[in-house]
Structure formats: structure tokens, C-alpha cells
Amino acid sequence: MKHQLNIAVKQQSVAIERFLRVVRHRGFQLLDLALEGQDELFQVKMTVDSDKPIYLLTSQLSKLVEVKQVELQPMQQQAIG
Amino acid sequence: MTGAELLIDLLAKHGVKEVFGYPGGAIMPIYDALYGAPVKHYLTRHEQGAGFAAVGYARSTGKLGVCFATSGPGATNLITSLADAMMDSVPVLAITGQVPTAAIGSDAFQEVDVLGMSLSCTKHSYMVERAEDLAEVLQEAMHLALSGRPGPVLVDIPKDIQLAQVPFHPWLALEEEAPQLDMNEVVKAEQLLAQAKKPVAYVGGGVHNANAQAELMQFLNKTQMPAVSTLKALGSVLPDYEYDLGMLGMHGGQAANLAVQECDVLVCIGARFDDRVTGNLAKFASKAKVIHLDIDPAEVGKRKPAAASMIGDLKATIPHLACFVTDAQWLAHTSSMKKEHAWRYDYPGEKVFAPYLLNELSKRMPNTGVVCCDVGQHQMWVAQHMKFTSPHNHLSSGGAGTMGFGLPAAIGAQIARPDDMVITVSGDGSIMMNIQELATIRRNNLPVKILILDNQRLGMVRQWQQLFFEGRYSETNLSDNPDFVQLAAVFGIPGQTITHASEVDAAVDALVASEGPYILHACIDDKENVWPLVPPGAANDEMMTENA
């Protein structure tokens, strides 16, 4: 199932590497990623796909020190494709 | 003050008295700052030994374990011990030297991207990019390693930052608000317990990390709930607790596994439904509703759904559950299973029977003694046949299952607790993985005792080859091992070899009575297996036993 997440993460390249590693390792396929630097944070928009429940990812991402916020967005029909 | 001096100063200010490590080019300024410093450095003979000594130090005390390594291969050698600490939630601070900032990315001598390598095996990690950040990074790292669910934190420090003049600003750890316990979940848990006819407490390593043994025992004594433990929890439930059923899982006791399979409410206290615990997950405690207590919300529902979840420090959450008394019929049933499936030590053969030896050792060791295991058959026999009164006293590589853990972990534990007896129980496979640390024992004249259960095999792998790979014994024969007593003697460590059952009692006495380091090399039957065993893919009530 596809999910769209908005994540606020510290504006450091290692922070991006760290959370992308978690996405892969926990069994979620990355479909789309956009990030924008803003006030010392990266605002990340990400779409992932997996047969696993999404809370298995959001609960792991929320634990990362550099991740300040994780929000699950309702998927738009056209974005699901 | 240089960056290197600041590091040593901060460690001292945070009460770190001992560190473990191995010097090299990119960490030389830190070793220079150590010279004559109040923080005592213990030189191991391999960085992995330093990492595991830090793990042993931390696990035997609950304090921060600290290890140092240089860049490149020094740091890569530390990685296994950090992965181990990550899996078992151990508070460790790893400091690695890095090539100078200007050389990073140039494939410089002994340059490895340590920060990149650390991502999957640390709770958090840093590479210090500016000298002015060093003080804050170090203080935050120490705080993170110990706070919440503990874990390893790595700080990679380029050599130029070690040499730079750095400012020191005390960093005040933000008072973290403990997660607010959701009282609705407490009510749900109470309702589940009120209806429970067959409850079981499933105790995990979180009790150790939360230092919540007293709260756990208060809960158990009040509720009289039968309790089962994970490998890491052993020692949390006191051995004289009447309804203790021991370890569950792949090599758990039959009473423990059967009780969990029959239970209707499973109170999971700081455990994570590891696959070695659950066997076939779909069939694990399939009649039970789960009440899950943990500090880490990510563990709740990760492997098994919870009907009620109490997130927070176990010291604070366990006392909420004490308003309950276990049904007498269920207690009689579990006690009867415990009696029926009690361990037996009346081995008929003339060879050394490892379970008997370990049980005798357990009886003769002081309650304050520490046992550090390696990984394999001997590790499971220790878990089955030795008793512990504190989880600080049983150090076993649980999640990672790292061979080579035992000897360096014992060194760390002995340095942390110089007045307590520390014994490493190893196998003839595992002991060779960090055998070089005999030199660390000798260098520091540590009274670490070593018991090797030698079946001239990689016993656990051989057991699986026998049972599940049609007896095709691929690369598990170690009959060309060195003479371990002679090997220890080279490092100035006395000892003896035994081969017969009749020698066991006197040999265990000699091991326990030795004032300094000692090695007891016990040759056991190479065909001895660990029983019971839950085969791969099976449910925990489908255990294989010796006579089945």
C-alpha cells in the first residue's frame, strides 16, 4: 500500500541518509522524494510503498534524533496513480 | 584546551573513570591527552575487544561504557561490538579518530566513512565538523547513550579538531519529559487482567535497562503471576520466586513454553517478541491478549499486536498493574508443569556433562558473581542451568549473538566490579574469536576465570547439521584446536583440563577458589545437544526433546 509522509528533519546530509536507510531496512520502497531547506530543517515529502503497516515505519522514523516531526498524509487519488 | 583534552576532561566530569581502546595515527592527540589523565585507559589487543569490554562494563553496572579506536580499520573493528550493543540496548560511547578534515573524501591513509558505516549499528552518531561544536556533541552523545532506551553512540573526531583549541560550554541536557502514560490503556490492561484466567508475565531485558527489578518483583509477589524470561532478562526474576518458569523460546524450558502457549493474557514487560523467543509467530501465545509495557513505542505492535500498551519507564508503569491475584487453578497447573519438566542432572555417562558442571558452578559461585557467555551451545546451557539474582550478573550476547563476546566482556565487567568474581563461560569455537585478550588479562593481572566447554566442534551449528542438514557436517569440526591450558599458560594463566565426570566437582572448586585468573578446560561429549529445541518454523509447544 502507498503512503505519503511529510517529515521535518535537521538540515544535514547525514540526517537524510539516516532516515532513508531506515525506510529501506524496514521494508518500504521509496517511490517519490522531495526536500526543501527551511529554517535549519529539511521539509521532506516522501511516498513509500509496502505491504507492511505504515506505523512500523513512522514509529521507527520518529525515534531518530534528527527527525523532528513525522506526519502521515492522506493519499490523493491522482498521486496514487 | 585542545579538543583531545576537552574529551578527557568531559569524560572525567561525567564520572567516567575507565575507558577501553587501542591507539593509532588519527587518534594520537587523544592518547596524548590520556597520558597522566585521571581517566584510566585499558589497552585491549584488538578494537573489537575494547568495544566488548565497554559493553561488559556497561551491562554489569548500568553505567556508560566507553571505547576508543583510530580511523579506518580501528573503527571498522569496533563496529561488531556496536551492533551488539545496539541489538541489546547497551549504553556505550565510541570515540573514533578520523583523518584531518581537509583530507576527508580524498581516500586518505586509514580513511573510512565511519559516520556512514555507523548508521545501521548505533542509536545515534556524529562526525564533528567544527571545533566549536565538540563540547556540545560529546555531552549530547553521553546523554543519548544513557537516556530512554539506551544504546551505542559514536562520535568521529577528525585529527585537526582533536588538536584545535576549543571552547568549553557546559551543555545542559534538556529535561526530557517522560512519555505521559495513557491512563485509558491502563484501564484496558486492568480490564484484561480482571478477566484473565491464565496470565503469564513475559519479562525482557527492558527491566534490566530500567533498573526495575524491585518493581517487577513487587508486582510478581503481589499477583503471584507465573513468569517467563528472555535470555537478557535472566536474573530479573529472582530464582526463589515460586512461580518462576525460567527462560522461554527456542531453548527455553518446557514449562515456560507450554505456559505461554496456554495463557490467555500475556503481560510483556520490556521484551520485543524476538524470533528466538516466539518460534512460529502466528502460533505464539495464540490464545492470549497482550498487555505490552515498554519505553520504546516502536516495539509495541512491531511483531505482535497489543490489546493494551503502556509506554513509559518500567519503574513507573509496572506498579500500575498490581491490583490482581492469579487464579489458584492456573498456578497449580503451571507449578505441576514446572515439576514435571524440571532439569535433570543424573547423566549416566562417564564424560563431563556440561549442564551438571554449570549447575555445580552456579551453586558454588557467590550471588554477586558475574557470568559472561559466548555464543552457542554453552550459552544456552548457562541460561538453562545457572541461576542469577541480578541481570547485571548474566552477560550474554542476545540479539546479535556474537561469538567472541565473552572474554572481553568479562574483562570489562571485572574492571567495573573489581571485588566481584567474574567468570567467562565459552566454547572451543567462540574463545578463539577474541583469544588475544588473554594478554589484557595478563597485563592488568585481572582475576577473570575462564571455563571452556570443549566439544571440538562448533557445537550449535553441528547440532543443526545433525538435525536439519542430514548429518552433513560442513566445517564444524575443530578437533585441531590448540591445547587451551598450554595456551593460557603462555599468558601466565594457570589451569587444568578435565575429561571425566568424576573430576568435575574438584575442578569447579579449584576454579572458584582461584585467587587470580584461571582456566578450566572441560572436554565434553562432542555429540551432546541442547534440549529442548523448538525447530525452525515450529510453534513453541512443538519442542524436540532428547528422547523424542
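Predicted model: local features only at pLDDT ≥ 70, side-chain atom pairs only at ≥ 80, totals over all residues.
The C-alpha centres of domain 1 of chain B and domain 2 of chain B lie 36 Å apart. Residues are numbered from 1 along each chain as its sequence is written, while chains are lettered from A and ligands numbered from 1 in the order in which they are written.

**Domains of chain B**

- The domain assignment gives domain 1 (3-163), domain 2 (183-340) and domain 3 (354-523). Such bounds come from an automatic or database domain assignment.
- Domain 1 of chain B and domain 2 of chain B each give six residues to their contact. Two residues are in contact if their C-beta atoms, placed from the backbone, lie within 7 Å.
- On the domain 1 side of this contact in chain B, one residue is nonpolar, three are polar and two are charged. Here Ala, Val, Leu, Ile, Met, Phe, Trp, Tyr, Cys and Pro count as nonpolar, Asp, Glu, Lys and Arg as charged, and the others, Gly among them, as polar.

**The two chains**

- Chain A has three helices and four strands. Helices (H or I, at least four residues) and strands (E, at least two) are DSSP runs, numbered from the N terminus.
- From the N terminus on, the order of elements in chain A is β-α-β-β-α-β-α.
- Chain A has a radius of gyration of 12 Å, close to the 12 Å that the globule rule gives for 81 residues, so it is as compact as a globular protein of that length. The radius is taken over C-alpha atoms, and the globule rule is 2.2 Å times the number of residues to the power 0.38.
- The C-alpha trace of chain A spans about 30 × 25 × 15 Å along its principal axes.
- Chain B holds 21 helices and 18 strands. Its radius of gyration is 24 Å, close to the 24 Å that the globule rule gives for 548 residues, so chain B is as compact as a globular protein of that length.
- Along the principal axes, the C-alpha atoms of chain B fill a box of roughly 70 × 60 × 45 Å.

**Where the chains meet**

- The contact takes 11 residues from chain A and 10 residues from chain B.
- On the chain A side, α1 (13-25) and α2 (55-63) are the elements that give two or more residues.
- That side of chain A has four nonpolar, three polar and four charged residues.

**Helix packing in chain B**

- Two packed helices are described by the angle between their axes and the distance between the axes. Axes are lines fitted to C-alpha atoms, for helices over the stretch in contact, and angles run from 0 to 180 degrees between N-to-C directions.
- Helix α1 (residues 3-13) of chain B packs on helix α6 (residues 134-146) of chain B at about 30°, with axes 10 Å apart. α1(B) and α6(B) are therefore roughly parallel. Angles under 35 degrees count as roughly parallel, over 145 as roughly antiparallel, 65 to 115 as roughly perpendicular and the rest as oblique.
- α1(B) passes α6(B) in a right-handed crossing. A crossing is left-handed if the near helix is turned anticlockwise from the far one by less than a right angle, and right-handed if clockwise.
- B:G3, B:L6, B:L7 and B:L10 of α1(B) meet B:L134, B:A135, B:L138 and B:Q139 of α6(B). This contact has six nonpolar, two polar and no charged residues.
- Helix α15 (residues 354-364) of chain B and helix α16 (residues 377-385) of chain B cross at roughly 50°, and their axes come within 9 Å. That makes α15(B) oblique to α16(B).
- The contact of α15(B) with α16(B) includes B:L358 and B:W381. By class, this contact has five nonpolar, five polar and no charged residues.
- α15(B) also packs on helix α21 (residues 504-513) of chain B, where the axes come within 10 Å and cross at roughly 40°. α15(B) is thus oblique to α21(B).
- The contact of α15(B) with α21(B) includes B:E360, B:R364, B:D505 and B:D509. Its residues divide into six nonpolar, no polar and four charged.

**Backbone exceptions**

- Most residues other than glycine have a negative phi, and most peptide bonds are trans.
- B:S89 is not a glycine, yet has a positive phi of about 55°. B:S89 sits in the loop between α4 (73-87) and β4 (92-98) of chain B.
- B:W531 and B:P532 are joined by a cis peptide bond, with omega about -10°. B:P532 is in the segment after β18 (518-523) of chain B.
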